[in-house]
Amino acid sequence: MSKELQDELRKKSKKSKKDKRVLPIEDEPIGAVDKGLSSKHKRKQRKESFKDEEVTPATEADQPALTTLDKDELPQSSTKQKDKKKKRKESSKGDTATLNKKNRKRKRDTRPDADSPESNTDSPEPSKKQKKKKRDRLPGPDPHLSVSTASPAQTASVTPATPADASAFIEKHSITIHTPPSLPPVIPVTSFDQLCIPDALKIAFRDFKEPTPIQACAWPPALEGHDVVGIAETGSGKTLAFGIPALARLISVLPPSTNNSKKSKPNLKSTSAISVLVVAPTRELALQTHDSLSSLGAPFNIASVAIFGGVDKAPQIKALMSGNGEGRVTRIVVGTPGRILDLVNEGICDLSRVNYLVLDEADRMLDKGFENDIRTIISHTMQGPDRQTMMFSATWPEAVRRLASTFQQNPVRVTVGSDDLTANSRVEQIVEVFDDPREKDSRLTRNLKNLSHKKTSTKGSPEARILVFALYKKEASRVESTLHRLGYTVGALHGDMSQSARMEALEKFKTGETGLLVATDVAARGLDIPNVGAVINYTFPLTIEDYIHRIGRTGRGGRSGKSITFFTGENHERALAGELARVLRESNFDEMADRLKQFPMTIKKKTHGSYGAFFRDDIKGTATKIVFE
């Protein structure tokens, strides 16, 4: 075969193989793309096509063609053939670049993604893995942020009070903090902004400028899960001191059922959701605490149930089982010791999951002989470090100390003032001494006029209310009738009334519908009645502790108040003159204390409410049981 024929065959084979490798994309001629393009633009296109060729793997059809081309290529190619070959390469690269450019434009129109790799037209459809990678690269909402229910107050950094501010706050309010060696020192919360709690809970502070001393020092250890003993005067805000940590604890561990809609019905047979128990000495205090905690828990679908004696059990049992309806779940139980123990023994109130226990007015409950009931109730709750126990009291006697040492784990003890019961320093104390007790009624009406109290009042009235304390139920009823005959809008609150009548009278007094209330000592403990401007002690109480609690119904929440005490020196009053004088002098009312000089100034030995003067609380050790065979 001649040399010219061999060259011609070689050219044809090369041309056919190149046609196999470079497939036609469009019907337009190869050289049409290159027209009008500068050499610089061509070089740019070559670089892009080279990158595309690196990203897009060659198909199986391409591999043998490339291999064959390498094998058949001869080193003796002429200059003319090299030029033709170069032109074909440039044209094929131009086509590929044009195609890639169009594909890139199409991808930008459908999904903007600067980081996604370009693909060749010859490459197959992307696999599921590749699609998943592209989706992961796309900007979208952070799943952690969408799931989280924490409010900004929980996640934002909180700046605590400086050591200088904390020391000044503690010294100003005469606060003593006893911290166990295993715990860090307590830094008081001097501003509500320093609290790391959900915003919905901060609604409780909207009427206050700053925390009270007991709140400022009890919140830090309580929110960290430590046991706390709080000793403070009446009207110092102890309800929120234990209520805010209780709600914060419940919100942090909301059960799945609380996320249901209001139409969903909770399990009627399940009471195991109860995890907060508050024990109070009186029905009125239990109701008041229940109302406060219920309003705080409403935004989080947390229900509170008040259980106390004197009323039918059925509504309380229904509330325990149904969670107050409206899709809310009963997580909090507030009640008096007797009714709580009743429902526990009947198997209706399940306390096995209670991990937050509050003993409010602990000294009062022990003084009334509830110690055994309290110990039995506590035995039904979670034990040991699994339970956080909060104990609040106005005094710190030996009986309360024993109870705290038995059921609390390394508690932080916060004392505002002294461990002994002290009168509210914001209450002005006035004592009027009587030679003739029959003058009390006329002196009462004169004081009401001096206090500018109107005979009639309307609901929601801003006028200050006046609380009159009597010693006995019949005396309270008689004083109420006397004031009613004089034209005053007056209510009564004492033990001879039914529970529904007592609740109605208290509610009318709180709302201002009745501006005057005559009550026995049943209203002296713990009740937070708004806008009580003055307290009148028509008859002096049986103990000096009751006197301090009585006058503590005014001057609450940082406000000032006034108390007027009628003192005759008859019966039990003569023996209490020395103690009353001591309380007056401690509160810097020396002039009032001097009015009692005509009576003996001896201070009677402290007696127990249930066991009398022979009760001993200073004996250490345990009793020995004697068995007769």
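A residue counts as buried when its relative accessible area is under 20%, as exposed when that area is over 50%, and as partly exposed in between, using a 1.4 Å probe and protein chains only. The model you are looking at is predicted, so local features need pLDDT of at least 70 and side-chain atom pairs count only at pLDDT 80 or more, while totals for chains, interfaces and linings use all residues. Residues are numbered from 1 along each chain as its sequence is written, and side-chain values use heavy atoms, with hydrogens and water left out.

Let us begin with the interior. In soluble globular proteins, nonpolar side chains tend to be buried together. A nonpolar core here is a set of buried Ala, Val, Leu, Ile, Met, Phe, Trp, Tyr and Cys residues joined through side-chain atoms within 4.5 Å. The largest such core has 46 residues, and Leu-201, Phe-205 and Ile-332 have the most contacts inside it. Among the elements that each supply at least two of its residues are helix H9 (213–223), helix H10 (238–252), helix H11 (283–297) and strand S5 (329–335). H10 gives the most, with nine residues. Helices (H or I, at least four residues) and strands (E, at least two) are DSSP runs, numbered from the N terminus.

Around Leu-201, contact means heavy atoms within 4.5 Å. Leaving aside neighbours within four places in sequence, Leu-201 touches Ile-244, Leu-247, Ala-248, Ile-251, Leu-296 and Phe-300. A second, separate core of 41 residues includes Leu-448, Ile-548, Ala-577 and Leu-584.

Now for the rings. Rings of Phe, Tyr and Trp (its six-membered ring) pair if their centres lie within 6.5 Å; planes under 30 degrees apart count as stacked, over 60 as edge-to-face and the rest as tilted. The whole structure holds nine aromatic pairs. Phe-192 and Phe-205 are stacked, at 4.3 Å centre to centre with 5° between the planes. Both lie in the loop between strand S1 (175–178) and H9, so their pairing ties together parts 13 residues apart in sequence. Phe-192 also pairs with Trp-219: the centres are 6.4 Å apart and the planes at 55°, so this pair is tilted. Because Trp-219 lies in helix H9, that pair ties together parts 27 residues apart in sequence. Elsewhere, ring pairs link Phe-540, Tyr-547, Phe-567 and Phe-599 into a cluster.

Finally, look for charges over rings, where NZ of Lys or CZ of Arg is within 6 Å of the ring centre and within 35 degrees of the ring normal. Lys-440 has its charged end over the ring of Tyr-538, 5.2 Å from the centre, and Lys-455 lies over the face of Tyr-488, at 5.6 Å from the ring centre.
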